[in-house]
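Here's a quick briefing to read alongside the model. Have the sequence and the 3D view open as you go.

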Amino acid sequence: MIRQPRVLVTQWVHPEVTDLLERDCEVIANPNRVPWLPSEVRERARDVDAIMVFMPDRIDAEFLDDCPRLRVVGAALKGYDNLDVDACTARGVWLTIVPDLLTVPTAELTIGLMLALGRRMLEGDRHVRRGGFAGWRPQLYGTGLAGATVGIIGMGAVGRAVAARLSGFGTRILYTDTTELAPELQARWEARPVDLHSLLEQSDYIVPMVPMTADTLHLLDAQRLALVKPGALLVNACRGSIIDERAVAEALTKGRLGGYAADVFELEDWAREDRPREIPPTLLDHPRTVFTPHLGSAVDRVRRDIALEAAHNILEALAGKRPRGAINTAVRKTGR
């Protein structure tokens, strides 16, 4: 009897995803919405042919060496700084991502964070819930988007999606990137390329939209935060470690920053051995903050489609094809 390929799915996924995989594979899937411990994932992965991974997972050389049968790592992710591409390639293991489906929901959430922070919505919510609301008062005046200058650091797919959605709010956009937008997009979005120094000095809202790399680690640190326009609002929905959270907390305490909103946090960046294990309490306690628990792509149908795309990548690799989402070229060596 021919053995079916064995696939490990480390996080809860929609039934449609496991149904698709089970047509051709034996599936070992996490049935709960609580992540397995890294040791549990590694133990379950030892004799699988494929693994579907998510944000909390880390795949490195040591992990791969414990999984001699592994042929494909299918990431239900766009960013892959927690996955070692070179280690996968060296061991003849495909590494695939889902590059497009996260763009729109992440841009939508970014706009939501900007509105919530600027209009002081959480502070107002707490005020009402405490029983302090007796009718309109001249209080909690905030910052709107109309007429505001928004600085976007990185005009990749998500940065462009944010800019497109801001165009309806009447904002002026400054951006920094290695390449300039096409002239028609600059005109449509009222967007102008500037250097990072100028962007920080002039923006009412600062929105980083860059991948996590060695060059972008703590891109916005104490030194750069000292450049920001007094009272500027910082919104982070890309990667936690783009920001130095302790420096942000200090800038808020000193009144340099007018507010901080985040959907991502340094403690999530498992590829960093020196990552913090908690969010700074001074940041959590500050009233001019808005935080969401990594909801960037947390739209039900989008999460289903992301996992389905990751499953298709896995099935293509197991069938001997180049997966559509491959970011490496895996040459299987004899003996593996």
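This is a predicted model: local features need pLDDT of at least 70, side-chain atom pairs count only at pLDDT 80 or more; totals for chains, interfaces and linings use all residues.

**Cysteines**
- The disulfide count comes to zero, with the cut-off for a sulfur pair set at 2.5 Å.
- Take C25: the closest cysteine sulfur belongs to C67 and sits 16 Å away, so that pair is too far apart for a bond.
- C25 counts as buried because its relative accessibility is 4%.
- C238 is buried too, at 12% relative accessibility.

**Helix α11 and its ends**
- Helix α11 spans residues 245–253.
- Its N-terminal end is capped by D244, which places a side-chain oxygen 3.2 Å from the backbone nitrogen of R246.
- After α11 comes G255, with a positive phi near 85°.

- The buried residues of α11 are E245, A247, V248, A249, A251 and L252.
- Among the elements covering those buried residues are two helices, α10 (222–225) and α12 (281–284).
- The cover also includes the strands β10 (232–236), β11 (257–262) and β12 (289–291).

**E250 up close**
- E250 is part of α11, and with a relative accessible area of 42% E250 is partly exposed.
- The side chains of E250 and K254 are joined by a polar contact of 2.8 Å.
- E250 and T282 are 32 residues apart in sequence, while their C-alpha atoms are 8.3 Å apart in space.

Definitions and conventions: Residues are numbered from 1 along each chain as its sequence is written. Side-chain values use heavy atoms; hydrogens and water are left out. Buried means under 20% relative accessible area, exposed over 50%, partly exposed in between (1.4 Å probe, protein chains only). Helices (H or I, at least four residues) and strands (E, at least two) are DSSP runs, numbered from the N terminus. A polar contact is a pair of N or O atoms within 3.5 Å; within protein, one must be able to donate a hydrogen and the other to accept it, and residues adjacent in sequence count only if both atoms are side-chain atoms. Contact means heavy atoms within 4.5 Å.
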